[in-house]
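Hi,

Here is the structure I promised to pass on to you.

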Amino acid sequence: MTQRTDRIDQLFRQEISDLLMREIADPRIGFVTVTDVETTTDLRHAKVWVSVIGQPEDRQAAVRALEGAMPFIRHELGKRLRLRRIPEFSVRLDESIERGSRVMQLIRELEAGETPSERPEGESLPTPTARSSGEAPMPDGPEVPARTPARSGRRASTRQPAPRREGGRPSTSAGPRAGKPPPTP
């Protein structure tokens, strides 16, 4: 990948997300998130990776609806972007979010001392469970230190601001300039 295709992929991801949010009114699409776009170097083809929340049938219906909406999206991108060629888009289902969510669920169950449960058939994401506000952290878990703000690599300045003269401009030295009389009040 080149820097140019990386920038184009990012631009396509943003614009397609915007079009899905503002211009597409298909109820089959539902909760769709464009997670990535992979464009070939010649800009002829691109894969649009999407994440869809819902049951497997709903997710497949959303992908089919997105495939049907791609000619409209391609046409709109041609109007919005100043590119010589807008690629042919193919929609792919990105299941990395579901896999990551499942791994986090298994880790929570192991930390609680439970045996990992099997994922119910057809469930794409685990059902969220509410925590009570008085629930204490896991006693056997490692303590995680509080995050400190990231440093920018610059040191804090220890320099004192320059004293101001009557005219409002900073003075370069403590006394009057050589050869010039001090300002009169």
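Below is what I found, going from the overall layout to single residues.

A few ground rules first. This is a predicted model, in which local features need pLDDT of at least 70 and side-chain atom pairs count only at pLDDT 80 or more, while totals for chains, interfaces and linings use all residues. Residues are numbered from 1 along each chain as its sequence is written, and side-chain values use heavy atoms, with hydrogens and water left out.

**Layout and confidence**

The protein chain has three helices and three strands. (Both are DSSP runs, H or I over at least four residues for helices and E over at least two for strands, numbered from the N terminus.) Follow the sequence and you get the pattern α-β-β-α-β-α.

How confident is the predictor in the protein chain? The average pLDDT (confidence in each residue, from 0 to 100) is 75, and 63% of the residues score at least 70. (A contact means heavy atoms within 4.5 Å.) Where pLDDT is low, the predicted coordinates should not be read in detail.

Of the 185 residues in the protein chain, 26% are buried. Buried means under 20% relative accessible area, exposed means over 50%, and partly exposed is in between (1.4 Å probe, protein chains only). Take the contacts between residues at least 6 apart in sequence: 59% of them join residues at least 24 apart.

**The core**

In soluble globular proteins, nonpolar side chains tend to be buried together. Here the largest nonpolar core has 28 residues, and Phe12, Ile16, Leu20, Val50, Ile73, Leu77 and Phe89 have the most contacts inside it. (A nonpolar core is a set of buried Ala, Val, Leu, Ile, Met, Phe, Trp, Tyr and Cys residues joined through side-chain atoms within 4.5 Å.) Which elements supply at least two residues each? They are helix 1, strand 1 (32-39), strand 2 (45-52), helix 2 (56-80) and strand 3 (88-93). Helix 2 gives the most, with eight residues.

**Salt bridges**

Side chains of opposite charge can pair when their charged atoms come close. The structure holds eight salt bridges, each one a side-chain nitrogen of Lys or Arg within 4 Å of a carboxyl oxygen of Asp or Glu.

Start with aspartate 18 and arginine 80, whose closest N and O atoms are 2.9 Å apart. This pair links distant parts of the chain, with aspartate 18 in helix 1 and arginine 80 in helix 2, 62 residues apart. Aspartate 18 counts as buried because its relative accessibility is 19%, whereas arginine 80, at 33%, is partly exposed.

Next, arginine 59 and glutamate 95 meet at 3.2 Å, N to O. Arginine 59 sits in helix 2 and glutamate 95 in the loop between strand 3 and helix 3, so the pair ties together parts that are 36 residues apart in sequence. Arginine 59 is buried at 9%, while glutamate 95 is partly exposed at 35%.

Salt bridges that share partners also join Glu15, Asp18, Arg22 and Arg80 into one network. Glutamate 15 is in helix 1 (residues 3-22) and is buried, at 19% relative accessibility. Beyond neighbours within four places in sequence, glutamate 15 contacts Leu77, Arg80 and Leu81.

One more pair is aspartate 26 with arginine 28, at 2.7 Å, N to O. Aspartate 26 is partly exposed at 24%, and arginine 28 is partly exposed at 49%.

**Helix 3 and after**

Methionine 104 is in helix 3 (residues 96-111). Why does methionine 104 count as partly exposed? Because its relative accessibility is 46%.

Glutamate 118 is in the segment after helix 3 and counts as exposed, at 70% relative accessibility. Glutamate 118 and leucine 106 are twelve residues apart in sequence and 9.4 Å apart in space, C-alpha to C-alpha.

Happy clicking!

Methods:
pLDDT = per-residue confidence, 0-100.
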